[in-house]
Amino acid sequence: MTTKREKRVNGIIFAGLMLLAVIYILPIIMMVLGSLKDQAQAGMFNLRLPSVWKFDNYLYVIKKGKILSGYRNSLLITVPATALSILCGAFAGIVLSRRKGKSAGALYYYFIFGLTITLQIAATFAMFKVLGIYGSMFSVILMFAALRLPFTVMTFCSFVKSVPQEIDEAAHMDGCNFLQLVFHILFPVMKPILVTNIVVSAIDIWNNFMIPLFYLPGTKNTIPLTIYNFYGQYARDWQYVFCALTLTILPMLILFLVLQKYIVEGMVAGSVKG
């Protein structure tokens with residue numbers, strides 16, 4: 001039975017979380033409202049409703065800001081990089097969680113050590129030059145997949161340890177090979193952590209600015225670089241800047257809202273199990 005003290009503590013925690021939610025959501029509301037105002041009203045940076053709703057601001061930004069081109073390039077990088085990191089991370093996490101011995105433990109910590117290492121820009125640049133893939137989307141996809149791999153391995157390994165190993169043994173007795181075991185048996189069980197990694201990886205890759213800036217020169221601008229260039233041209237037209245920012249966060253916001261149930265389940269399971 002909940003005591004008065006516990007109720008008071010829970011109430012304080014709830015109030016604090018609500019305050020944080022308001023702090024986070026107010027800039028988003030201001031951005032969306034600002035995208036529908038004229039130049040003078042948008043430059044006031046307030047939460048007042050527009051006197052005239054300027055929905056045509058979005059048409060202007062899409063036409064002049066090359067937003068669709070940025071969308072295409074970001075999707076061509078985000079989708080394969082996310083898929084590659086999750087597939088490799090899931091396979092590695094499953095194998096390491098099922099193996100016993102010092103070699104499996106050492107390999108696991110080798111992956112985890114990758115979370116603490118910063119990107120070596122000059123060395124990576126030189127390696128891509130030697131391999132002849134510098135400036136290609138393929139090189140950027142490989143880099144993003146490699147950067148996401150330590151977190152993916154850690155979360156999958158932690159989650160799979162909570163799955164009874166008898167499931168694997170029963171699958172092998174029924175004639176399942178490793179791929180059938182992973183895709184038909186373990187992946188449905190790992191749906192929360194799978195969706196969590198999809199959302200976390202996709203948001204991280206979609207919003208990344210530095211890697212495309214350094215390793216993807218030329219006209220292959222991703223959505224963050226497109227917004228950066230757009231801001232340089234329309235720094236005084238905040239209504240257009242707000243439109244561009246709204247269009248940037250919209251896909252990942254929808255993805256997060258649709259899958260948030262599984263994200264919470266996956267993060268909780270990955271943090272306390274295993």
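Buried means under 20% relative accessible area, exposed over 50%, and partly exposed in between (1.4 Å probe, protein chains only). This is a predicted model, where local features need pLDDT of at least 70, side-chain atom pairs count only at pLDDT 80 or more, and totals for chains, interfaces and linings use all residues. Residues are numbered from 1 along each chain as its sequence is written, and side-chain values use heavy atoms, leaving out hydrogens and water.

**View 1. K7 is an exposed residue in helix 1.** The relative accessible area of K7 is 55%. Helix 1 covers residues 4–34 (helices are DSSP runs of H or I, at least four residues, numbered from the N terminus).

**View 2. R98 and D168 form a salt bridge.** The N to O distance is 2.8 Å (a salt bridge is a side-chain nitrogen of Lys or Arg within 4 Å of a carboxyl oxygen of Asp or Glu). R98 sits in helix 4 (residues 67–98) and D168 in helix 8 (residues 166–173), 70 residues apart. R98 is buried at 14%. D168 is buried too, at 7%.

**View 3. D204 and R148 form a salt bridge.** Here N to O is 3.5 Å. D204 is partly exposed at 34%, whereas R148 is buried at 10%.

View 4. C157 is buried at 2%. The structure holds zero disulfides.

Note on methods
Helix = DSSP H or I, 4+ residues; strand = E, 2+ residues; numbered from the N terminus. Disulfide = S-S within 2.5 Å.
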